[in-house]
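Here is my note on the model, point by point. Please read it with the coordinates open.

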Amino acid sequence: MRTAVPLLALLALLAAPLAAEGSDTKGKYFFKKSCKSCHVVGQPGGEVTPLIKTQAQWKTYFAAGKHKKGSEPLTKVGKPEQMNDIQTFLTAHASDSPQPMTCGG
Ligand code: HEC
């Protein structure tokens with residue numbers, strides 16, 4: 001009946017070290033500034049929110065560091081020093097995170 005509770009506790013444990021890597025709040029701000037211009041409905045990048053990937057998928061995405069179907073480095077669209085915070089924000093609110101979020105701001 002209550003199998004969801006240990007799973008959530010586990011996710012919270014997994015999310016804690018990730019959150020320590022960067023700032024969720026700053027990441028949200030940088031995401032709005034550096035990414036949202038192209039990533040809302042009707043813009044060339046299409047809508048991108050934390051929810052489009054799982055935590056593991058965001059981790060892999062930022063580890064690869066490639067943007068636009070792998071055609072350019074992610075740092076072409078955002079400052080390198082902002083990437084850690086942006087990753088933290090996206091991962092903290094990913095589809096399988098404890099606090100999934102749609103709007104990104
Ligand atoms: C100058 C416009 C522009 C900016 C700024 C931008 N993107 Fe993109 N992004 C695109 C385009 C164009 C695509 C490719 C969309 C397609 O072909 O489906 C894309 C694709 C993506 C994808 C889908 C996977 C991929 O790489 O193809 C993700 C995730 C993404 N962007 C994240 C980000 C993040 C995070 C930022 C901010 C650091 C950002 N984008 C900033 C234009 C932009």
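What percentage of the 105 residues in the protein do buried residues make up?

1. Basis and burial. This is a predicted model, in which local features need pLDDT of at least 70, side-chain atom pairs count only at pLDDT 80 or more, and totals for chains, interfaces and linings use all residues. Residues are numbered from 1 along each chain as its sequence is written. Buried residues make up 22% of the 105. A residue is buried if 20 or more other C-beta atoms lie within 10 Å of its own, exposed if 12 or fewer, and partly exposed in between, with C-beta atoms placed from the backbone.

2. Fold. The protein has four helices and two strands. Their order along the sequence is α-α-α-β-β-α. Helices (H or I, at least four residues) and strands (E, at least two) are DSSP runs, numbered from the N terminus. Of the contacts between residues at least 6 apart in sequence, 73% join residues at least 24 apart. Two residues are in contact if their C-beta atoms, placed from the backbone, lie within 7 Å.

3. Core. The largest nonpolar core holds nine residues: F30, F31, C35, W58, I86, F89, L90, A92 and A94. The most come from α4, with four residues. Such a core is a set of buried Ala, Val, Leu, Ile, Met, Phe, Trp, Tyr and Cys residues joined through C-beta atoms within 7 Å.

4. Helix packing. The axes of α2 and α4 come within 7 Å and cross at roughly 105°. Axes are lines fitted to C-alpha atoms, for helices over the stretch in contact, and angles run from 0 to 180 degrees between N-to-C directions. The two helices, α2 and α4, are therefore roughly perpendicular (65 to 115 degrees; under 35 is roughly parallel, over 145 roughly antiparallel, the rest oblique). On the α2 side the contact uses D24, K26, G27, K28, F30, F31 and S34; on the α4 side, Q82, D85, I86, T88, F89 and A92. These residues divide into five nonpolar, four polar and four charged. Ala, Val, Leu, Ile, Met, Phe, Trp, Tyr, Cys and Pro count as nonpolar, Asp, Glu, Lys and Arg as charged, and the others, Gly among them, as polar.

5. Ligand shell. The ligand is surrounded by 16 residues, and the closest are C35, C38, G45, V77 and G78. Near here means a C-beta atom, placed from the backbone, within 6 Å. The shell divides into seven nonpolar, seven polar and two charged residues.

6. K53. This residue lies in the loop between α2 and α3 (55-64). K53 is partly exposed, with 18 other C-beta atoms within 10 Å. Leaving out residues up to four places away in sequence, K53 touches W58, Y61, A94 and S95. K53 and T91 are 38 residues apart in sequence, but 8.3 Å apart C-alpha to C-alpha.

7. H67. Strand β1 (residues 66-67) contains H67. Beyond four places in sequence, H67 touches E72, P73, L74, K76 and V77. H67 is partly exposed, with 17 other C-beta atoms within 10 Å.

8. Backbone to check. Most residues other than glycine have a negative phi. K68 has a positive phi, near 55°. K69 also has a positive phi, of about 55°. K68 lies in the loop between β1 and β2 (72-73), and K69 lies in the loop between β1 and β2. K68 counts as partly exposed, with 13 C-beta neighbours inside 10 Å. K69 counts as exposed, with 6.
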